[in-house]
Amino acid sequence: MKILSVVGARPQFVKLSPVSRALQGRAEHVVVHTGQHYDDLMSDVFFRDLGMPEPDVNLAIGSGAHGAQTGAMLGALEQVFEQHRPDWVLVYGDTNSTLAAAIAAVKIHLPLAHLEAGLRSFNRAMPEEHNRVLTDHAADLCLAPTAVAMGHLAVEGLAARSRLVGDVMTDVLHLVRDRVLAAPPALPWADDESVVATIHRAENTDDPERLRAVIEALAAVDRPVRLLAHPRLRSSAERAGIALEQGRITVHEPLPYPELIAAVMQGSGVVTDSGGLQKEAYLLRRLCTTVRPETEWVETIDSGWNVLVGTDLAALAPAVERAAPAEPDDHPYGDGHAADRVADELLGA
Ligand code: UD1
């Protein structure tokens, strides 16, 4: 059996790694990188650190407006799919690369599987929300990470083609956590009081007024704030004339995955608008404050380990100082073997 995975952006490389491992020796696995992310720290470093071979194809599409970027990928992917004619096209998450690959696959009648299906923010202004809803409805197989995601798929009439497999990010996190404990990587800072911060979503970066307010709220945190700056954040701040180093904020390059996990483990908490980091904080039992009005990962909120700070940014600094809640007594993100279930579903095992 031939499975063709399409990835393009940072979180997708992380999700690909356990799936690649689970498919090894069980199927032919072709990996196509759209080139949505292309900087070494946004792309290549993940393949190196997570022990994955180079992608078989790199389309080098690069950045662009949503339509232009998605359209360029769509045309290029169609040609690659025609050349390989895989038994399954496997797409990950909710980026423009995900949507482009989904459309390219169904247009030429290739079976499509969507990993991380069923997540919903119910915020239709988010590009990721369009991408995930459209991809789920195009897919022949919806591989859901959580029971809540399965519920959303059922409400939308997709129950018959949905399977609960668990979250592959738990798989990779467990592996990397154990590696970090055995051999801690060097970090750009040493204290254990720091808060790890990432801000990259369009809703927070693209409106100068919103971005200024978010940075001011971060600057009000009375701890060292290590801001790992995504290129989108740097360029938006520069364009709007907003200094990122305010209060106790220091700006750092995005970290490779093992260093990011080590930084969260060493630090006192996380402030983020990333989906993956909310869960990583939860699984590592670090307090997370999410700079968004809603989240797809509602289990982190229900347990008290994550708090949303959307419009009332004055609530951010106090939220960072809140006390840790009780240890959760369930495992909403699976047992760390989701990728094996993904492989079983694809191979019909
Ligand atoms: C994309 C995803 C988002 C995901 C994020 C992870 C979409 C719509 N969004 O957002 O869901 O959470 O990836 O990081 O697909 N840039 C570089 N170097 C790179 C990549 C990007 O400099 O390697 C800069 C470019 O200026 C680019 C901007 O970052 O225009 C945004 O990149 P893009 O891929 O459009 O979206 P992300 O914000 O990364």
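Trainee: Which residues come nearest to the ligand?
Mentor: Keeping in mind that this is a predicted model, there are 20 residues around the ligand, and of these His37, Tyr38, Asn96, Glu128 and Arg232 come nearest.

Trainee: What lies 2.8 Å from an oxygen atom of the ligand?
Mentor: That is a polar backbone atom of asparagine 96, a residue that is also listed with those coming nearest.

Trainee: And which side chains have a polar atom 2.9 Å from a ligand oxygen?
Mentor: Glutamine 36 places an N or O atom of its side chain 2.9 Å from an oxygen atom of the ligand, and histidine 230 has a polar side-chain atom at 2.9 Å from a ligand oxygen. As for cover, the ligand on its own has 740 Å² of accessible area, of which the protein covers 86%.

Trainee: Where does the ligand sit, then?
Mentor: The ligand sits in the largest pocket, and the shell around it draws at least three residues from each of domain 1 (2–167 + 334–347) and domain 2 (176–320).

Trainee: Which helices supply at least two residues each of that shell?
Mentor: Those are α1 (10–23), α3 (66–84), α5 (127–138) and α10 (231–240).

Methods: Residues are numbered from 1 along each chain as its sequence is written. This is a predicted model: local features need pLDDT of at least 70, side-chain atom pairs count only at pLDDT 80 or more; totals for chains, interfaces and linings use all residues. Side-chain values use heavy atoms; hydrogens and water are left out. A residue is near a molecule or strand if one of its heavy atoms lies within 4 Å of it. A polar contact is a pair of N or O atoms within 3.5 Å; within protein, one must be able to donate a hydrogen and the other to accept it, and residues adjacent in sequence count only if both atoms are side-chain atoms. Accessible areas come from the Shrake-Rupley method with a 1.4 Å probe; for residues, only the protein chains shown count as cover. On a 1 Å grid over the protein atoms alone, a cavity is a set of points where a 1.4 Å probe fits but cannot get out, and a pocket is an open set with protein on both sides within 12 Å along at least five of seven lines; lining residues have an atom within 4 Å of a point. A molecule sits in a cavity or pocket if more than half of its atoms lie within 2 Å of its grid points. Helices (H or I, at least four residues) and strands (E, at least two) are DSSP runs, numbered from the N terminus. Domain bounds come from an automatic or database domain assignment.
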